[in-house]
Amino acid sequence: MRIGELSARTGASERMLRYYEEQGLLKPERTASGYRVYAEADVDRVARIRCMLSASLPSGVVGQALRFLLDGRAAIPDEPADRARLAETLESELDQLTEKIASLQHSRELLATFVADVRRDAVGPGRPGDPGARVVRRSVSKAGPATGRAR
């Protein structure tokens, strides 16, 4: 399939697909005239790339994960010190992802509570918990720069 079809099937823009190729995350075949041709498996690959990148994983980590998950050939260093650094990097990414998931879960719970309160008509003007009832509103004058006109 060509880049336009892959874009339509995955929701990733053609520009983003070219970026994934530049980062080594996608490797399309090329026709004699230079057009990119993608395999059916690239639809799933792009979905995984988008998922991992949306979790804020760096493209280098995404590339290593893809090699391990999809390509069956993980690039694991031979040297113990290099392996330890890689493990620390991956563990750090995992910890950050776990924190983001917890934060998103908390935000989701707060939003669900707010939606439920709105549906029950438990919040809003004149209702308990209305922050607007306690807010003192003042008029604020902003002095801007002189415009050269006489006042």
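Start by selecting residues 59-71, helix α4, where S59, V61, V62, G63 and L66 are buried. Buried here is under 20% relative accessible area, exposed is over 50%, and partly exposed is in between, with a 1.4 Å probe and protein chains only. Helices are DSSP runs of H or I with at least four residues, strands are runs of E with at least two, and both are numbered from the N terminus. One caveat: this is a predicted model, where local features need pLDDT of at least 70, side-chain atom pairs count only at pLDDT 80 or more, and totals for chains, interfaces and linings use all residues. Residues are numbered from 1 along each chain as its sequence is written, and side-chain values use heavy atoms, with hydrogens and water left out.

Next, click T89, which lies in helix α5. Is T89 buried or partly exposed? T89 counts as partly exposed because its relative accessibility is 39%. Now draw a C-alpha to C-alpha distance from T89 to V61: they sit 28 residues apart in sequence and 8.6 Å apart in space.

Finally, zoom out. You'll find five helices and two strands, running α-α-β-β-α-α-α along the sequence. Of the protein's 151 residues, 19% count as buried. Among contacts with a separation of 6 or more, 45% come from residues 24 or more positions apart.

Notes: Contact = heavy atoms within 4.5 Å.
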